[in-house]
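Hi there,

Here is the structure I promised to pass on. Have a look at it first, and then read on for what turned up.

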Amino acid sequence: MADLVISGLRKEFGSSVALSEITLDVASGTFMSLLGPSGCGKSTLLRCIAGLETVTRGDIFIGNENVTALPPEKRRLGMMFQSYALFPHMTVLENVRFPLRMAGEGSKAEQLERAKAALERVQMGHLAARKPTQLSGGQQQRVALARAIVSQPRILLLDEPLSNLDARLREDMQIELLELHRELGLTTVFVTHDQDEAMSLSDLVVLMNVGRVQQVGKPEEIYGTPKTVFAADFLGAANLLPAVTIAPGAAQLAGGHEIRVPAGEFPAGSDVVIGLRQEDLRLNTEGDDNSVPVEVVAPVFRGAEVQYVVSYGEQRIRLIAGKRGPIIPAGPARLSWRTADAFVLPPA
Amino acid sequence: MTQPLHLASRSSRGRKRPWLEPLLLLSPAIVLLMLGFFLPVAQMVFSSVTSFQGESGFSLANYAEVFKSDYYLSAMGRSLKLSLIQTVITLALALPLSYLMTRVSGRISGILMAIIILPLMTSVVVRTFGWVVLLAPNSWLGQMAKSIDPVRYGQGLLGTEAGIVISMVQVLLPFAVLTLFGVMQNIDPKLEEAARTMGAGFLSTLRTVVFPLSLPGLISGATLVFALSVSSFITPRLVGGSRLPVLAGTIYNDATVNLDWPFAAAQSTLLFLAVVMLIFATSRIGSRK
Amino acid sequence: MVKSVPGWVRALATVLAVVVGIYMLLPIIVVAISSINSERFLSFPPKGLSLEWYQLVLTTDTYLQPFLTSLWIGLLITAIAVVVGTAASIALTRFQIPGSQAILSFLMAPIIVPSIILGIALLAFLSVYADGASITGIIIGHIVLAIPYVVRTVSGVLLQQDRFTEEAARTMGARWWQRYLLVLLPMCKSGIFAGAFFAFNISFDDAVVALFLRSPSVETLPLAIYGRLEFSPDPSVAAVSTLMVLVTVLVLVGFERTLGLGKVMA
């Protein structure tokens, strides 16, 4: 267990820049997610931490040791690959013992003992003698996890470990990862493109796009106060309405309606984007600070909630309403929200 | 056996000299093939145009000689004719057989595969030996042929083009079956079931679904079989004898008996060009699909 | 088989399979039967049965010497082709190499180019730059023919496997030699065996390259058989040919038992 510091990291592949200006300070024991769309550089960053890529510039420190020039085999990390990368010619137990064997820690019997214990921890003890090809995807995944934690690595790296599982298994594994993290307290770097996964698992989310860090924070911070259109859209798919500020705390939507917004750093006359979460919007409700006329296109009943798609001029806006109250049919309606729920963002 | 192998590239990044390891791994193979294959072939082509009957200097006389002589022209003509016949017969047998092999139970398919592979793994000399015995005038097959046409097959099937074709098709069939089998294995049986539900009968399903999908295998199989056919000389020589020379046989004679290497090289270059052009042409057809 | 195949198609298919099966095996069976002929001259069907030809073949140098020559050449070729071909396959499948497709085509070329061309090209080449036809020439020719098969089988296996295993091994502390010994080589094992089988078979069976590059001092087994066939075939050739086939059958059966033929050939 150790803390992870990345400073001024840059990675180029030939002439293309995969990562730039990555600076992170991750306290020991943190569960950190690298979140972003495919191609944003999150996996490359993970591979740089593992030592599988040489960095172009910048430094990586693990527990105060500068590991930038160290090859992966000397970094003492545990990494779980997206494809699991289990050795097909070894049994499950031999797979899990491998890191201990490489480190030469203890006798063979002790190594097997520890490997067995790691397998028990992920409920795979009974399959120790099998070959990986005889296991299901979910079982392979648990074995890969056991192999990544068996040597008590300084940092646990997880590269989209849940992406090959079906929805049900994925949920089970999320809970198990949380329990494991609480129990072992390993500093964990978790790569994912799934915002729900990132939010439900992490202490810290690093939101990335086109090779740069967009925003770093606790899940609720990024969700509650996104700093960019990208962040608002990627985490929680906020509605984004173009507008112009007209005075401190006031803006005019592209559709002509004036609304109140939280006062911010934008001088009057700036182009901005107003972000509104689906669950913060209401239809035909009294008492909100802002309201605009809209057309309900289609209500969609989803059991626990009702989702509406409404049109405001050219723009489609989505909102989610509780199942209480009547379903509002297609046709004109009023869309309303509280000023404090809106966020004012610089245009993308 | 002839489908191209597609390489997925992996990274060797994160190492100090990333090119060093693959270079060390690759260079022995490249050096060996360079010295043992590409340079000799290049030298062969070169010598065919720079040396004629002991005189050096650029000259196409070796090639002119090939085309001036009735003997060589007829050998080339026979090679071409026999190769075409053998290719057609081989594929006509291989097509239904390989389809059959992909659609029967694993055990029967395995037995058929073993029957196909065993001859492939047997030296061509041994197989041809079997045919020499089988086609001889006093054997069953020889007698049978004699009773059909006593004049032409007086000596059994030895020394006849029919004999060459019979024995060559057996040599070539495994190559065609293995190529087609690989392609047909990838045809989803559900496609055939779908065609049947849409009103296609068994035969029209074969014609409209299976045949078009196995065309790439048919093309590469035909290429391989023709190339092997046109360049073989052991079977034509032992079965056909010296009265039925083929191109590959005249190459062998001129290289090892007459010791006229530039002349043999010229014939080989013609053969080489024909094969390369054929492969190029069929791979173009294949990639257009 | 897809259901509802017409009965006459099934019948025809059965006939085809049986006829082709007989056709494929007939020459080999005939050789085997001829080898136990008691007469001095080859005839089929044989007039009487005897095993004396096997005794002759196994006790005189006529075939024993060529057999031993073919054997050691075959083993040498197998060793060289497996090492060189496996190394090249690892490079091509596990590293990012510019032009790797082109390099692969380059290594595969000897499969496509007829071996008669390799034979004459090598003969002419060695006559200019060395002392002509020799056993070295045969060995070089066989290596060139065998390498593509090893590359094909080994890269085939490597491409099917998870490509991140070596990286995984590195993150777990494996040094470069441990990566090769503990991860890569065990993973290509089945491809290496199949490649070794092909390499040995190609060398052991080859007559084409050997005919071009033979010198008076060396005779391989296929050359010895070929020589007899051209002049005076007698049942002893049949006996030695049958022994050759038996060796192949044994190896094939061994393969079927351990790896599965279908996997190796496809």
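A word on domains before anything else: their bounds come from an automatic or database domain assignment. For chain A that assignment gives domain 1 (4-228) and domain 2 (237-345), and the centres of these two domains of chain A, taken over C-alpha atoms, are 39 Å apart.

Some housekeeping: this is a predicted model, so local features need pLDDT of at least 70 and side-chain atom pairs count only at pLDDT 80 or more, while totals for chains, interfaces and linings use all residues. Residues are numbered from 1 along each chain as its sequence is written, and chains are lettered from A and ligands numbered from 1 in the order in which they are written.

Chain A overall

Along the principal axes, the C-alpha atoms of chain A fill a box of roughly 75 × 45 × 35 Å. Chain A has eight helices and 20 strands (DSSP runs numbered from the N terminus, with H or I and at least four residues for helices, E and at least two for strands). Of the 348 residues in chain A, 41% are buried, meaning that 20 or more other C-beta atoms, placed from the backbone, lie within 10 Å of the residue's own.

A sheet in chain A

Five strands of chain A form an open antiparallel sheet, in the order E15-E19-E16-E17-E18; strands pair if DSSP finds at least two bridges between them. Its edges are strand E15 (282-283) and strand E18 (315-322) of chain A, each pairing on one side only. Strand E16 (residues 290-301) and strand E19 (residues 331-337) of chain A are joined by seven bridges in the antiparallel sense, and Asn290(A) stands opposite Trp337(A) in E19(A).

One residue up close

Gln215(A) sits in strand E10 (residues 212-217) of chain A. Gln215(A) counts as buried because 21 other C-beta atoms lie within 10 Å. Leaving aside residues up to four places away in sequence, Gln215(A) touches Leu207(A), Ile222(A), Pro226(A), Lys227(A), Thr228(A) and Ala231(A); a contact needs C-beta atoms, placed from the backbone, within 7 Å.

Where chains C and B meet

Here 87 residues of chain C are in contact with 80 residues of chain B. Helix H1 (residues 7-34) of chain C supplies the largest share of the chain C side, 15 residues. That side divides into 67 nonpolar, 16 polar and four charged residues (nonpolar: Ala, Val, Leu, Ile, Met, Phe, Trp, Tyr, Cys and Pro; charged: Asp, Glu, Lys and Arg; polar: the others, Gly among them).

Best wishes

Key. Two residues are in contact if their C-beta atoms, placed from the backbone, lie within 7 Å. A residue is buried if 20 or more other C-beta atoms lie within 10 Å of its own, exposed if 12 or fewer, and partly exposed in between; C-beta atoms are placed from the backbone.
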